[in-house]
Amino acid sequence: NSSEIRPLQHTETDDTGQTRTWTIHELCTSWELALEGKAMHHCVRSYAGKCVSGECSVWSLQVQTGPEEPISVMTIAVNNAERRITQARGKYNLLPHRKAGRRRDISGSYLVLLKEAPRLMGMWTEQTGLQNG
């Protein structure tokens, strides 16, 4: 099921000259939800029924630097009828402004990317007219 909300693609170059391509794209199948849940270590797959009914849509904010596979940074849930973001979480349900604690499998480089997520979400909400929260 597609929500008809436009995805985001934004390419920028950081201070070191590294190009990053940020995307926010809709996860349209239960398989995509399962892969996102596995990559992000959270239960996004439980949204499958709401996605099928059209009640909500689930989006993945990712970044790609060079030829490597994109990195999932944050998962975003949208109430389609209200055009409102209802939840946005990083790995292990982290929020961008919270400390990760002592999880060994969360790298500092991931946390740097997670802190960028609100800026990219702001671009997306401005582009699409979505409400955040």
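Predicted model: local features only at pLDDT ≥ 70, side-chain atom pairs only at ≥ 80, totals over all residues.
Biologist: How many helices and strands does the protein have?

Modeller: The protein has three helices and six strands. These are DSSP runs numbered from the N terminus, with at least four residues of H or I for a helix and at least two of E for a strand. Along the sequence the pattern reads β-β-α-α-β-β-β-α-β.

Biologist: And how compact is the protein for its length?

Modeller: The radius of gyration is 14 Å, close to the 14 Å that the globule rule gives for 133 residues, so the protein is as compact as a globular protein of that length. That radius is taken over C-alpha atoms, and the rule is 2.2 Å times the number of residues to the power 0.38. The C-alpha trace spans about 45 × 30 × 30 Å along its principal axes.

Biologist: What share of the residues is buried?

Modeller: Of the 133 residues, 41% count as buried. Buried means under 20% relative accessible area, exposed means over 50%, and partly exposed lies in between, with a 1.4 Å probe and protein chains only.

Biologist: Turning to the sheet, what is the strand order?

Modeller: The order is β1-β2-β3-β4-β5-β6 in an open sheet of six strands with mixed pairing. Two strands pair if DSSP finds at least two bridges between them. β1 and β6 (131-132) stand at the edges with a single partner strand each, so one side of each has no neighbour in the sheet.

Biologist: Which helices lie on the sheet?

Modeller: Helix α1 (residues 30-40) packs on the sheet and touches β2, β3, β4 and β5, its direction making about 125 degrees with that of β4. α3 lies across β1, β2, β3, β4, β5 and β6, at about 40 degrees to β4. Contact means heavy atoms within 4.5 Å. For the angles, axes are lines fitted to C-alpha atoms, for helices over the stretch in contact, and values run from 0 to 180 degrees between N-to-C directions.

Biologist: Is β3 mostly covered or mostly open?

Modeller: Strand β3 (residues 56-64) is mostly covered, with eight of its nine residues buried. Seven bridges join β3 to strand β2 (residues 19-27) in an antiparallel arrangement, and Glu-26 stands opposite Trp-59 in β3.

Biologist: How does β4 join β5?

Modeller: Five bridges join β4 to β5, again antiparallel, and Asn-79 stands opposite Arg-84 in β5.

Biologist: Where is Asn-80, then, and what does Asn-80 touch?

Modeller: Asn-80 is in the loop between β4 (71-79) and β5 (84-89). Leaving aside residues up to four places away in sequence, Asn-80 touches Ser-3, Ile-5, Gly-54, Glu-55, Cys-56 and Ser-57. Asn-80 counts as buried because its relative accessibility is 17%.

Biologist: Changing topic: how many salt bridges are there?

Modeller: There are three, a salt bridge being a side-chain nitrogen of Lys or Arg within 4 Å of a carboxyl oxygen of Asp or Glu. One of them joins Glu-12 and Arg-119, with the closest N and O atoms 2.7 Å apart. The pair links distant parts of the chain, since Glu-12 is in strand β1 (residues 8-13) and Arg-119 is in helix α3 (residues 108-128), 107 residues apart.

Biologist: Which other partner does Arg-119 have?

Modeller: Arg-119 also bridges Glu-116, with the closest N and O atoms 2.6 Å apart. Glu-12 is buried at 18% relative accessibility, whereas Arg-119 is partly exposed at 35%.

Biologist: And which residue pairs with Glu-82?

Modeller: Glu-82 forms a salt bridge with Arg-84, the closest N and O atoms being 2.7 Å apart. Glu-82 is partly exposed at 47% relative accessibility, and Arg-84 is partly exposed at 25%.

Conventions. Residues numbered from 1 in each chain as written. Heavy atoms only, no water.
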